[in-house]
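Subject: Structure handover

Hello,

Here is the structure I said I would pass on. Please look it over first; my notes on what was found follow below.

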Amino acid sequence: MKQLHKLMNLPLIPKVAIAHVPTAIEPMPRLTAALKGPELWIKRDDQTGLAMGGNKTRMLERFLADAQQKQARSLITRGSLVSNHCRQTAAVAAKFGLKCILVIKGFPPRIRQGNLFLNQLMGAQIVFTEGRCPDKVLLETFEDAQKMGLNPYLIAYGGAHGLGSSAYCDAVQELNNQGGNYDIIIVPTSSGATQAGLIFGSWFYGLNTQIYGISVDESSAYLTDKILSLLENLQTLYQLDNLPDRSLIMVNDDYLGDGYAAIGDREREAIHLFAQYEGILLDPVYTARAAGGLIDLIRTGKIKSHEKVVFWHTGGLPSLFEMAESLQ
Ligand SMILES: Cc1ncc(COP(=O)(O)O)c(C=O)c1O
């Protein structure tokens with residue numbers, strides 16, 4: 001990768017400081033030895049602080065600043081029944097005295113557990129789509145909130161918007177300041193927001209680090225296009241003349257298994273290995289899928305033993321308890 005802007009910083013995007021950053025970067029020597037693989041490190045964005053943390057907290061710092069600037073009285077977003085993005089949005093809304101309305105895809109379950117339980121605990125209003133088109137329900141919910149004088153601020157699905165991704169441009173700089181020179185960063189990717197920020201940041205700051213996304217639920221072709229459009233959003237946000245080349249977008253969709261939130265052998269093994277060798281808890285939906293992919297890439301020699309790898313832990317802890325039955 002070209003050494004671009006080692007001495008320059010990206011323009012600062014207004015944010016409300018919420019996340020506990022810098023998050024730790026830790027070696028995983030026992031897992032490295034067990035896999036007889038490359039040197040493995042972990043970036044602890046599962047520990048960003050608010051209501052069990054996770055990658056969306058960094059993004060929400062920017063959305064909240066924008067919402068406050070627009071004098072919003074409510075935050076609205078959408079997600080799945082197990083969405084961590086929704087849980088972190090509910091937490092931010094609770095902390096800053098805003099109403100939170102979550103459009104959740106699906107029907108209300110008999111018992112509310114995991115993230116869904118926490119959303120409710122933190123006072124979010126939940127609108128289930130019950131078979132209707134989520135975007136249509138979102139629009140209706142937004143219009144209703146407007147009519148009620150709630151001055152709603154809409155946060156894109158997964159925070160996938162230049163503002164959200166900009167948080168991960170800054171996170172690259174944070175990792176860079178922590179030292180280390182890594183060859184590869186492995187990150188779970190779903191809306192593409194996190195990966196887009198990491199790609200843009202590492203391109204801008206001239207790191208020689210490959211940003212390798214392991215898809216949780218979408219095809220590589222779909223996510224590549226989505227990430228490219230997020231890179232374009234970032235270029236506009238930062239008012240730059242150029243942007244990272246499409247060839248820098250690496251998304252592996254080999255590990256989709258039986259689909260979103262379906263726990264398979266790979267996820268189960270990854271959860272057990274990280275827990276038993278490092279005392280690190282992965283979530284079954286996102287990070288276990290990416291870690292299962294990482295383990296396979298090591299075993300099949302696609303990641304070489306001389307490489308230095310960071311696994312970017314993006315959080316998701318509440319789902320571990322919700323899905324405990326499938327993990328025993
Ligand atoms: C725990 C966790 N990891 C990874 C992701 C994927 O991040 P992104 O949507 O930015 O691709 C999510 C998305 O919600 C998540 O909750």
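Which polar side-chain atom lies 2.6 Å from an oxygen atom of the ligand? That atom belongs to threonine 194. Please keep in mind that this is a predicted model, and that the distances and areas here are computed from it.

Glycine 192 takes part through its backbone, with an N or O atom 2.9 Å from a ligand oxygen. Asparagine 55 uses its side chain instead, where an N or O atom is 3.2 Å from an oxygen of the ligand. As for cover, the ligand taken alone exposes 390 Å², and the protein buries 97% of that. The largest cavity is the space that the ligand takes.

Next, the surroundings. The ligand has 15 residues around it, and the closest are Asn84, Ser190, Ser191, Thr194 and Thr314. By type, the shell consists of 10 polar residues, 4 nonpolar ones and 1 charged one.

Most residues other than glycine have a negative phi, and most peptide bonds are trans. The peptide bond that runs from valine 21 to proline 22 is cis, with omega near 0°. Proline 22 is found in the segment before strand E1 (25-27). Asparagine 181, which is not a glycine, has a positive phi of about 45°. Asparagine 181 sits in the loop that links helix H6 (162-177) and E7.

Regards

Notes:
Residues numbered from 1 in each chain as written. Predicted model: local features only at pLDDT ≥ 70, side-chain atom pairs only at ≥ 80, totals over all residues. Heavy atoms only, no water. Near = heavy atom within 4 Å. Polar contact = N/O pair within 3.5 Å; in protein donor to acceptor, adjacent residues only side chain to side chain. Areas by Shrake-Rupley, 256 points an atom, 1.4 Å probe, with all protein chains shown as cover. 1 Å grid on protein atoms, 1.4 Å probe; cavity = no way out; pocket = protein on both sides within 12 Å on 5 of 7 lines; lining within 4 Å. Sits in = over half its atoms within 2 Å of the grid points. Nonpolar A, V, L, I, M, F, W, Y, C, P; charged D, E, K, R; others polar. Helix = DSSP H or I, 4+ residues; strand = E, 2+ residues; numbered from the N terminus.
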